[in-house]
Amino acid sequence: MAPSRPGFCVTLDPQVQDSLPVGTLIDDRYRLVRLLRKGGMGEIYAAEHLHTHKRVAIKLLREPWSREPVTRERFKREAQATSQIVHDHIVETLDFGVTPDGVCYLVMELLYGEDLQATLLREGRLPLRRAADIVMQICSALAEAHRHGIIHRDLKPANCFRVGFRGVQDFIKLIDFGIAKRLPRGVDNISQESVALTAEGTILGTSFYMAPEQSTGGPIDHRIDVYAAGVVLFQLVTGKLPFRGPTAADTYRLILTAEVPSARKTAPEAELPAALDELFRKALRKQPDKRYGSMDELGAAIAAVVSHASKDRPKGEGATAAVRDAAAANRRGLRMVGTVALAAALVTALVIALIWRM
Ligand SMILES: Nc1ncnc2c1ncn2[C@@H]1O[C@H](COP(=O)(O)OP(=O)(O)O)[C@@H](O)[C@H]1O
Ligand SMILES: [Mg+2]
């Protein structure tokens, strides 16, 4: 990399994929403040607009990827796709450009929080109500994207960002439309339309969340996002993926041939309702036309399962878990009180013994 000084534009060396130093100016306008994440083809930084001082997130497509026409085009498509969709649950795109050095960049609102993958790693499976609330937000975001003729194609927990917003703990922002695909123009009622998109010849996406037709590079439509949202919900409520083999090839084989596992059996301790297994069987059907036809349909089905679950079981999963947590906390509290009492008794005995000897 050419010598770089804070406040000066840099020329990037194609061989070097180091992250850029804090203070680097992108296109004379955005000053990098902090590296947020390093990806395979670039990085995401927190940055600041030089004149307005607005804090933003900036995604850079680095050399040599920014010289590759296919990746460059895909990056541009991400910018176009997201800037068209204005939705509470989709990250806002603010700018896009190419520096004189040929580095493509995408400027977005800066999100404060963490992605769902990080939440899953830290917290493990989530209670049904919480998971359902998260996935229903994802459904409404994707429904809006689909109305714009855009399918995400890479829905997974790492691409769902959790931000704290107006006191809501799990306000979701969908990110990373990097491999999004546009449906042909003129398709305005996709739920009744069997629009098949020609695959690009390459399989794009993340294997665990891929619908069978996506994993084989076949024609795809918006129903691959329905499938992926089903996988995300399954993972959130059970802490496990429905189809996961020791290798990617094994995973693909399971996706193509295996029955949808029972979420209730996968996580018996979660006490999930039977209707949820039915929901997963439909959301993860191998044939797209047997799945829920739209994101709105899936969202409504999730809402119905949750509302039945709370009616059927007044002390439902959440309440049971809360009672269990409270009992555990009580036990911890009692143990603590016991320890303190014992320590106090020992100290008193010691003091009495000392006084006695004097
Ligand atoms: N606007 C943003 N604000 C804060 N963090 C972000 C933002 N966009 C992405 N990230 C973080 O960077 C990670 C990678 O971003 P993403 O757009 O998914 O790029 P990639 O194509 O490398 O997967 C995300 O999982 C998230 O943790
Ligand atoms: Mg991503």
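Analyst: Begin with the word domain: domain bounds come from an automatic or database domain assignment. Keep in mind that this is a predicted model. Here the shell around ligand 1 draws at least three residues from each of domain 1 (25-109) and domain 2 (115-311).

User: Which residues come nearest to ligand 1?

Analyst: There are 17 residues around ligand 1, and those that come nearest are Arg 37, Gly 39, Ala 57, Leu 111 and Asp 176. Two or more residues of the shell are given by each of the elements β2 (30-38) and β4 (55-61).

User: What does the shell around ligand 1 hold by class?

Analyst: Ten of its residues are nonpolar, three are polar and four are charged.

User: Now the helices. How do α3 and α5 cross?

Analyst: Look at the angle between the two axes. Those of helix α3 (residues 128-147) and helix α5 (residues 223-238) cross at roughly 160 degrees and come within 9 Å. Angles over 145 degrees count as roughly antiparallel, and α3 and α5 are therefore roughly antiparallel to each other. Their crossing is right-handed.

User: Which residues meet between α3 and α5?

Analyst: On the α3 side they include Leu 128, Ile 134 and Leu 142, and on the α5 side they include Asp 225, Val 232 and Leu 236. By class, this contact has twelve nonpolar, no polar and one charged residues.

How values were computed:
Residues are numbered from 1 along each chain as its sequence is written. Chains are lettered from A and ligands numbered from 1 in the order in which they are written. This is a predicted model: local features need pLDDT of at least 70, side-chain atom pairs count only at pLDDT 80 or more; totals for chains, interfaces and linings use all residues. Axes are lines fitted to C-alpha atoms, for helices over the stretch in contact, and angles run from 0 to 180 degrees between N-to-C directions. Helices (H or I, at least four residues) and strands (E, at least two) are DSSP runs, numbered from the N terminus. Angles under 35 degrees count as roughly parallel, over 145 as roughly antiparallel, 65 to 115 as roughly perpendicular and the rest as oblique. A crossing is left-handed if the near helix is turned anticlockwise from the far one by less than a right angle, and right-handed if clockwise. Two residues are in contact if their C-beta atoms, placed from the backbone, lie within 7 Å. Ala, Val, Leu, Ile, Met, Phe, Trp, Tyr, Cys and Pro count as nonpolar, Asp, Glu, Lys and Arg as charged, and the others, Gly among them, as polar. A residue is near a molecule or strand if its C-beta atom, placed from the backbone, lies within 6 Å of it.
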